Amino acid sequence: MAGKPKLHYFNGRGRMEPIRWLLAAAGVEFEETFLEAPEDLEKLRKDGYLMFQQVPMVEIDGMKLVQTRAILNYIATKHNLYGKDIKERALIDMYSEGVADLYEMIMLFPLCPPDQKGAKMAQIKERTTNRYFPAFEKVLKSHGQDYLVGNRLSKADIHLVELIYTVEEIDPSLLANFPLLKALKTRISNLPTVKKFLQPGSQRKPPLDDKVLEEARRIFKF
Ligand SMILES: N[C@@H](CCC(=O)N[C@@H](CS)C(=O)NCC(=O)O)C(=O)O
């Protein structure tokens, strides 16, 4: 039997967090090796483990995978979280990309220059309530099913629920007008694997704070 996947990243959410969520939801145990200094990243590069000199990198099934989406797609395919045919897969990709667009705006917010923070946050809230959440609410309403695609759990549901939690950390009221998203959040959160991941002490990472941001700046030199 293959060993546990090993995740290489720093000890923060960033681009690895959706991978942690997806593995956890699939019920896959994983190990993590945290970069603590720029030298740790340099070593992975020197050893030839990072195709584009970047992390996230995940050792899984004898491969050293990079590129977040490739990693997510591999895990989703392996664990039947990627639809039953190419049409379902296209929808799952479309929804996942929408989630990723808003997630990226939120993830990059702490890097925003102080004088632009107010405008950026206003844009994040506006996009959440006027663009992304209504789009997903409409999908759920259109078919009345429990999951976004094919009435079956897919990676799109996991990514969306992770996003909902992230948005709620910014402002819980942003979810107020989206009853079907709330219900999806509750449903997915009650899956035993996800429930476990949401418990304190799991491998889920806390929101970025100044200390973690400083650590990321030091390791990635930005
Ligand atoms: N498209 C890549 C982007 C990866 C990326 O930007 N990684 C950052 C850390 S979050 C990194 O390794 N930065 C160092 C560098 O680019 O040299 C992915 O999604 O995995």
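About 50 Å³ of space lies in the largest cavity of this predicted model. A cavity here is a set of points, on a 1 Å grid over the protein atoms alone, where a 1.4 Å probe fits but cannot get out. The volume is the space filled by probe spheres set on those points, which are joined across faces, edges and corners. Rolling a probe the size of a water molecule over the atoms shows where empty space is left. When the whole structure is searched, one cavity of 30 Å³ or more turns up.

Which residues line the largest cavity? They are Arg-13, Glu-17, Trp-21, Tyr-103, Glu-162, Thr-166, Glu-169 and Arg-204; a lining residue has an atom within 4 Å of a point. By class, the lining has two nonpolar, one polar and five charged residues. In this scheme Ala, Val, Leu, Ile, Met, Phe, Trp, Tyr, Cys and Pro are nonpolar, Asp, Glu, Lys and Arg are charged, and the others, Gly among them, are polar. Helix H1 (17–25) and helix H6 (155–170) each supply at least two lining residues, and H6 gives the most, with three. Helices (H or I, at least four residues) and strands (E, at least two) are DSSP runs, numbered from the N terminus.

A quick note on the numbers: residues are counted from 1 along each chain as its sequence is written. Because the model is predicted, local features need pLDDT of at least 70, side-chain atom pairs count only at pLDDT 80 or more, totals for chains, interfaces and linings use all residues, and side-chain values use heavy atoms, with hydrogens and water left out.

Now to the second largest pocket, with about 260 Å³ of space. A pocket is an open set of points with protein on both sides within 12 Å along at least five of seven lines. Helix H8 (residues 192–198) provides the largest share of the lining, four residues. Among the other names in the lining are Ala-24, Glu-29 and Gln-203. The lining divides into five nonpolar, four polar and two charged residues.

Let's move to the ligand. What surrounds the ligand? Tyr-9, Arg-15, Arg-45, Gln-54, Val-55, Pro-56, Gln-67, Thr-68 and Phe-220 do, each with a heavy atom within 4 Å. Four of these shell residues are nonpolar, three polar and two charged. There are polar contacts too, meaning pairs of N or O atoms within 3.5 Å. A ligand nitrogen sits 2.7 Å from a polar backbone atom of Val-55. A ligand oxygen is 2.9 Å from an N or O atom in the Gln-54 side chain, and a polar side-chain atom of Arg-15 lies 3.4 Å from a ligand oxygen. Taken alone, the ligand exposes 510 Å², and the protein buries 72% of that, by the Shrake-Rupley method with a 1.4 Å probe.

Two residues of this shell deserve a second look. Most residues other than glycine have a negative phi, and most peptide bonds are trans. Val-55 and Pro-56, however, are joined by a cis peptide bond, with omega about 10°. Pro-56 is in the loop between helix H2 (38–46) and strand S3 (57–60). Gln-67 is not a glycine, yet has a positive phi of about 75°, and lies in the loop between strand S4 (63–66) and helix H3 (68–78).

Finally, the domains. An unreviewed UniProt entry lists "GST N-terminal" for residues 3–83; UniProt annotations may be inferred rather than shown by experiment. That span is 36% helix and 22% strand. "GST C-terminal" in the unreviewed entry covers residues 85–208, a span with 68% helix and 0% strand.

Definitions and conventions: Polar contact = N/O pair within 3.5 Å; in protein donor to acceptor, adjacent residues only side chain to side chain.
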